[in-house]
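Here is a briefing on one structure. Have the sequence and the coordinates open as you read.

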Amino acid sequence: MPFIPHTNEELRQMLDVIGVDNIEQLFDEIPEELRCGELRGLGSGLWEQKITRLMQDKAREDGQPLCFIGAGAYDHHIPAAVWQLASRGEYYTAYTPYQAEASQGTLQLLYEYQSMMTELMAMDVSNASLYDGASALAEAVLMAVRANRKSKSRRILMPASVHPHYRATVRTLVKNQGIELVEIPYDPGTGQTDLHALAQQTGQDFAALVIPQPNFFGILEDVDALTEWARVNSALSIALVNPLAMAVLSPPGEWSEQGADICCGDGQPLGAPLSSGGPYFGFLCSKQKLVRQMPGRIIGRTVDLDGKEGFALTLQAREQHIRRSKATSNICTNQGLMVTTATIHMSLMGADGLASVAASCHDNLLLLVEKLTSLGEIEPLFSGPVFHESVLRLPLEPKRALRTLAAHNILGGYDLAAHYPELGNALLVCATESRNEADMEKYRRKLEQVLTSRQGACATMTKFD
Amino acid sequence: MSNIPENLKYAESHEWVHDEGDGTVTIGISDHAQELLGDLVFVELPETGTQLKAGDECAVVESVKAASDVYSPLDGEVIETNEALADSPEVINEAPYDNWIFKLKLSNPVQLDELLDAAAYASMVEAEDH
Amino acid sequence: MLIFEHSRPGRRAQAQAPAARSDLSGIPEQFQRKCKPRLPEVSEMQAVRHYTRLSQKNFSIDTQFYPLGSCTMKYNPRACNSLAMLPGLISRHPLAPDSHSQGFLSTMYELQEILKEVTGMSAVSLAPMAGAQGEFAGIAMIRAYHDAQGDTQRTEILVPDAAHGTNPATAVMCGYQAREIPSKADGDVDMEALEAALGPQTAGIMLTNPSTLGVFERRIKEIADRVHEAGGLLYYDGANLNAILGRVRPGDMGFDVIHMNLHKTFSTPHGGGGPGAGPVGVSKRLQPFLPIPMAGTDGHDYHWLSEEQCPQSIGRLSAFAGNAGILLRAYVYAKMLGAEGMQRVADYSTLNANYMLKRLMDAGFTAAYPERRATHEFIITLKNEARELGVTAMDFAKRLLDYGMHAPTTYFPLLVSECFLIEPTETEAKESLDAFIDAMIKIREEARADAEQVRGAPYSLPVRRLDDVRAARELDLRWQPEEGQT
């Protein structure tokens with residue numbers, strides 16, 4: 001109702017042209033018994049002011065707590081220009097660039113995106129995005145199984161230090177194709193993937209090894225050793241990385257002598273707001289020789305009839321609309337708008353800007369850890385080096401501390417109890433460049449109160465014993 | 001009307017076969033097939049040493065708008081592939097019978113008799129067009 | 001000109017980077033990056049100007065009529081965008097506790113309920129991030145259902161030959177073989193071929209209704225009965241839900257599982273190719289298998305259903321909760337439409353399509369299914385024009401761009417030669433439709449006068465026709481600095 005432009009007179013004219021008396025007749029091929037009546041559950045439409053008020057109320061309910069949760073989604077500053085540009089109707093309301101001549105804006109931007117991602121990752125080629133980091137990892141796994149010519153194996157080595165939700169997603173997406181995920185434990189001391197446990201798999205046939213950097217615990221993995229192990233054992237190496245971290249950390253293309261074969265991850269730190277987990281975007285890069293095994297859209301630079309430079313979708317014969325059941329994936333649309341934001345974001349930040357944001361996150365994390373451990377009874381659980389997240393051991397169940405902190409509008413971190421019960425009272429905390437010292441001080445003070453009141457409670461209980 | 005040389009045998013799936021007379025054959029795709037596909041942009045070759053059965057998918061020819069499997073017309077082992085196609089797949093468009101895709105060492109040479117001769121293939125193509 | 005070509009060493013958007021306090025002292029040397037990535041070094045204004053100018057090289061719904069069949073390019077209301085970006089929603093962390101999530105979770109719950117109502121299904125999960133992922137979830141649920149019954153002999157998914165390419169690709173991703181079913185000359189599924197294909201190996205069938213041929217499958221009930229009798233399940237591809245919104249519900253047609261494309265029917269942005277959202281709805285028997293997470297309520301508070309509460313779920317499809325921000329936009333749209341508005345979507349999209357079809361036929365163009373009513377979209381074939389004038393559907397498409405209109409979908413479905421799949425949507429006014437028809441007539445006249453001229457189109461866009469053969473043969477997929485530069 002609100003977005004239909006027809007006047008009554010136009011409706012009349014159009015029905016006359018068609019040769020029917022009313023709209024109802026246009027549905028005369030649909031068997032009568034299939035028509036539904038009024039949709040009673042829906043109610044009547046709201047005009048814009050009403051829905052605005054409704055949504056404002058909902059948004060206010062969720063508030064804007066001080067957030068120290070990371071765990072795969074990070075609260076970074078996004079330059080104002082990013083979303084102002086991406087919200088332009090020419091980006092926001094265009095579709096997949098099927099008509100290349102009428103889509104040069106999107107196509108060139110995607111080509112620039114591919115260029116930036118290959119630079120950031122030090123890889124040869126990039127696709128134009130996938131849905132999110134977790135599903136990108138699944139696509140990378142499928143790609144590795146297709147691409148590994150030295151191995152006929154359908155087994156993948158998956159470290160336990162990979163984000164649990166990513167592992168769950170990969171399982172969902174690959175299990176029906178007979179692909180098996182073999183878990184590699186982490187070293188309980190360092191928090192890194194256990195190289196000794198990996199060594200026990202030497203000589204067995206695997207299609208690929210997944211290598212997270214940083215891993216779910218925020219710990220930096222010994223990526224050179226892992227990549228080298230994969231090469232020696234004829235497994236492809238799949239890097240799973242935080243793209244912002246790559247501004248300061250050794251990128252997948254430079255791991256070990258030959259670099260990782262495939263690299264993927266979530267692009268959220270590059271200009272996507274937290275937004276309850278999406279839309280973000282997944283990125284996927286690889287070595288040149290694997291390009292025909294890549295899923296998703298790929299843009300190429302070419303020339304037009306007059307020899308002028310232009311951009312077009314290319315290598316489409318991999319895709320479902322041509323290859324149908326033999327396609328590399330069923331993916332059709334990707335996350336175009338999010339790639340638009342990421343490309344503008346990377347342009348505005350540049351390599352130096354991304355590096356200083358990354359360094360600032362790292363600084364803040366160290367400061368946060370320093371402040372929280374100064375309370376005593378709290379300590380880092382792992383000894384490995386960190387980027388912008390760290391696992392802390394608390395003297396009480398994290399969920400209890402988190403509940404009290406939340407009541408004071410602080411989201412104190414992510415409780416690892418559900419996924420890593422063996423770690424005890426383990427809390428994953430994160431500090432990005434968006435947190436300042438006052439924020440951290442506030443967190444420290446509130447946590448101190450939680451600890452004190454708990455000691456008080458214990459003391460009381462002791463008295464009654 | 002596409003070019004269908006008399007000295008070759010053909011499969012219904014549009015491959016041509018040249019009998020080398022020493023138990024090996026050379027295989028490519030017909031002029032008709034390359035016309036249907038249009039400008040080729042990529043050829044995925046089988047790996048040498050692969051054992052094939054007649055009817056097995058063993059290579060892919062790709063144009064911008066289509067991708068088509070190449071089927072082995074006969075049983076045998078892949079003994080050589082035309083690596084030059086990696087850099088210039090378009091030579092198949094230019095001269096489909098000069099630019100082969102792979103060679104087989106036959107394990108069941110009597111199958112050669114089951115392939116179409118030029119006349120039979122020509123009438124099949126003609127029937128397809130109508 | 002690429003953004004990289006605006007780059008100068010040492011230039012930067014200085015407002016955008018914090019001064020770091022340290023030199024990464026906590027990160028050992030071996031982990032650190034040695035060589036700086038060659039990202040652009042530009043000022044803020046240069047970046048803004050560059051990407052503003054690039055945007056102007058796009059056609060979009062906001063600037064042009066965009067009758068791209070099967071894609072439902074309707075107006076994207078601005079309120080949907082701005083309300084999804086309200087501070088408490090845009091900044092909510094996906095792992096925030098329920099205490100700070102009631103606004104968001106209640107919205108997700110209500111959206112599930114709305115989608116149940118409009119589709120006639122028993123339960124809905126919002127998890128899939130796009131139509132193709134919704135398809136995946138749907139077929140994976142069908143497989144999980146058969147597996148749970150111990151019925152492991154079912155290896156085939158039936159797919160009509162007119163189907164979108166994602167259908168067979170999805171079947172394969174779920175470990176099935178895709179078997180094609182032909183369509184009849186009137187566009188309906190060939191029942192005899194269907195009967196012949198059904199058997200104990202049939203896991204299910206994937207149907208789009210209205211089909212990709214732009215007609216409503218009239219014997220859908222019969223198809224549903226036959227497939228169910230064979231022990232298979234029915235999957236509804238919601239690509240064309242816009243045609244029947246508020247009029248007919250897939251659940252009432254007998255479907256067991258469906259996906260919806262919210263970026264089509266619920267008007268969330270297409271964004272230059274995503275993000276989409278592809279929620280799935282199921283009948284009672286598939287409910288235990290829905291992908292997680294799903295929003296639940298105890299009647300007062302809202303929460304995510306835990307994995308323990310969904311032990312038979314096919315599992316997760318994304319790291320968090322799918323494309324949440326897109327789901328918020330769809331919710332706003334659905335609330336603005338209400339029951340009556342939904343029905344009007346189907347009514348007016350169907351009106352517009354039938355009007356265009358009739359006018360094009362009156363002007364001498366050839367309908368692919370002239371005896372059939374158009375749904376929200378329809379197909380014309382330009383094979384006569386191709387034969388008589390030497391001007392193909394692609395030539396018409398490119399020339400339409402010169403007339404300031406996006407081309408319809410061309411060469412899909414594959415069954416109809418030289419075809420245009422035209423979907424005007426309900427938000428286009430009569431004058432847009434008339435202008436399109438006038439342009440088609442004019443292009444045909446141009447072709448009669450000088451076909452070569454039409455074959456050379458477009459002329460007024462940033463580039464003329466691109467050499468996609470060269471693009472595929474000489475792969476240039478990234479910018480690299482010229483020799484000698486770093």
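Predicted model: local features only at pLDDT ≥ 70, side-chain atom pairs only at ≥ 80, totals over all residues.

Residues are numbered from 1 along each chain as its sequence is written, chains are lettered from A and ligands numbered from 1 in the order in which they are written, and side-chain values use heavy atoms, without hydrogens and water.

**Helix H11 of chain C**
- H11(C) spans residues 324-362, 39 residues in total. Helices are DSSP runs (H or I, at least four residues), numbered from the N terminus.
- H11(C) has a kink of about 95 degrees centred on Gly338(C). The bend is the angle between axes fitted to the seven residues ending at a residue and the seven starting there.
- H11(C) is largely enclosed by the rest of the structure, because 31 of its 39 residues are buried (under 20% relative accessible area, 1.4 Å probe, protein chains only).
- Just after H11(C), Gly364(C) has a positive phi of about 100 degrees.

**Interface of chains A and C**
- Contact (heavy atoms within 4.5 Å) involves 188 residues of chain A and 196 residues of chain C.
- Ten salt bridges link chain A and chain C (a side-chain nitrogen of Lys or Arg within 4 Å of a carboxyl oxygen of Asp or Glu).
- One of them joins Arg464(C) to Asp306(A), at 2.9 Å, N to O.
- On the side of chain A that touches chain C, helix H11 of chain A (residues 336-373) gives the largest share, 22 residues.

Definitions and conventions
Helix = DSSP H or I, 4+ residues; strand = E, 2+ residues; numbered from the N terminus. Expected span 1.5 Å × (residues − 1). Buried < 20%, exposed > 50% of the residue type's maximum accessible area, 1.4 Å probe, protein only.
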